[in-house]
Amino acid sequence: MAFLAELAERDAAGEKAAIYAEMKRLGGVPMVALIFRHLATIPGALEWLWAAIGPAWRAGFLQEAAWRIAREAPMEPLAAIAREALVALGVDDAGLAEARIVVDSYNLANPENMLSILCALRLLDGARAVEPIAARAWTPPAAPGPLVPMTDVATMPREMAALLDLVAAPGEEKGPRVVQSLYRHFGHRPAFLALLVTLLAQRFDDGSIERSVASIRASMNTSADALVRTLCAPPAPDPAIRIVCERFAGAVIPQMIVVGSLLARALPR
């Protein structure tokens, strides 16, 4: 399976590294999302995006709206995962805490990322500010963490790649599929990851995840219409930005908003 190009945090330098750091601080998360790591491989794309949406992040309006939409979305729950089942899979209390940090982090990141991309698409279509963004002091929440490292897609065992392929999102036609970052944090616990994939399969198959996605997408679009009235951007430096944003906003990110919420509710406290 081919994987999407990305600029890892450890390899970022200069302006890209500064943007990565600000995204993590304002997003209240310990990592930079795949959508932004991928955009960083397109010359000028990450810088263009952050110049456009950064003001809404600094005021906190975007994050608060995105988190509320995800929190209120209707969802069909997964079967609850018993602690005894986790212990049998080698996941002790420390492992459960590790898993919760991963899920909680992505449940902050994915909603704000989706709303950001929807705003970016409107700016690419020519939307421009009609009113200034309201100035206010805003303090982001403290980030969960630390995160367990992600599995390296270039060196993972073939069996792990096959497991991740079961939940990877479609990419461009004949292009690489998108292996969502959340799953990659569980690569060192293949039995646990296999359980999650198995539980999620039922919700993919019965269509309930897609129904939740549709609800989230509608609410996010309404919020993006309002937010973009306060944003502006210069012409985009590369037409590939639109292709990337459409792909992630269309399936990848909203699906992971649902997946993360389902996992958070299924894991024992």
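Visitor: How does one find where empty space is left?

Guide: Rolling a probe the size of a water molecule over the atoms shows where empty space is left. In this predicted model, the largest pocket holds about 420 Å³ of space.

Visitor: Which residues lie nearest the centre of the largest pocket?

Guide: Nearest its centre are A8, E9, R10, M150 and R184, which belong to a lining of 19 residues. By class, that lining comprises 10 nonpolar, two polar and seven charged residues.

Visitor: What volume has the second largest pocket, and which residues line it?

Guide: Its volume is about 190 Å³. The residues that line the second largest pocket include W67, A70 and R71, then Y106, N107, L108 and P111, and also I257, S261, A264 and R265. Two or more residues of this lining come from each of α4 (61-72), α6 (93-124) and α11 (240-266). Seven residues of the lining are nonpolar, two are polar and two are charged.

Visitor: How many cavities of 30 Å³ or more are there?

Guide: The count is three. The largest cavity has a volume of about 120 Å³.

Visitor: Which elements supply the lining of the largest cavity, and how does that lining divide by class?

Guide: At least two lining residues are supplied by each of α2, α6, α8 (181-184) and α11. The largest share, four residues, is that of α11. The lining has 13 residues, and L34, Y106, N110, Q180 and S181 are those nearest the centre of the cavity. Nine residues of this lining are nonpolar and four are polar, with no charged residues.

Visitor: Which residues is H38 in contact with, leaving aside its neighbours within four places in sequence?

Guide: With those neighbours left aside, H38 is in contact with L4, A5 and E6, and also with V244 and F248. For A5 there is a further detail: its backbone oxygen lies 2.6 Å from a polar atom of the H38 side chain.

Key. Residues are numbered from 1 along each chain as its sequence is written. This is a predicted model: local features need pLDDT of at least 70, side-chain atom pairs count only at pLDDT 80 or more; totals for chains, interfaces and linings use all residues. Side-chain values use heavy atoms; hydrogens and water are left out. On a 1 Å grid over the protein atoms alone, a cavity is a set of points where a 1.4 Å probe fits but cannot get out, and a pocket is an open set with protein on both sides within 12 Å along at least five of seven lines; lining residues have an atom within 4 Å of a point. Grid points are joined across faces, edges and corners, and a volume is the space filled by probe spheres set on the points. Ala, Val, Leu, Ile, Met, Phe, Trp, Tyr, Cys and Pro count as nonpolar, Asp, Glu, Lys and Arg as charged, and the others, Gly among them, as polar. A polar contact is a pair of N or O atoms within 3.5 Å; within protein, one must be able to donate a hydrogen and the other to accept it, and residues adjacent in sequence count only if both atoms are side-chain atoms. Contact means heavy atoms within 4.5 Å.
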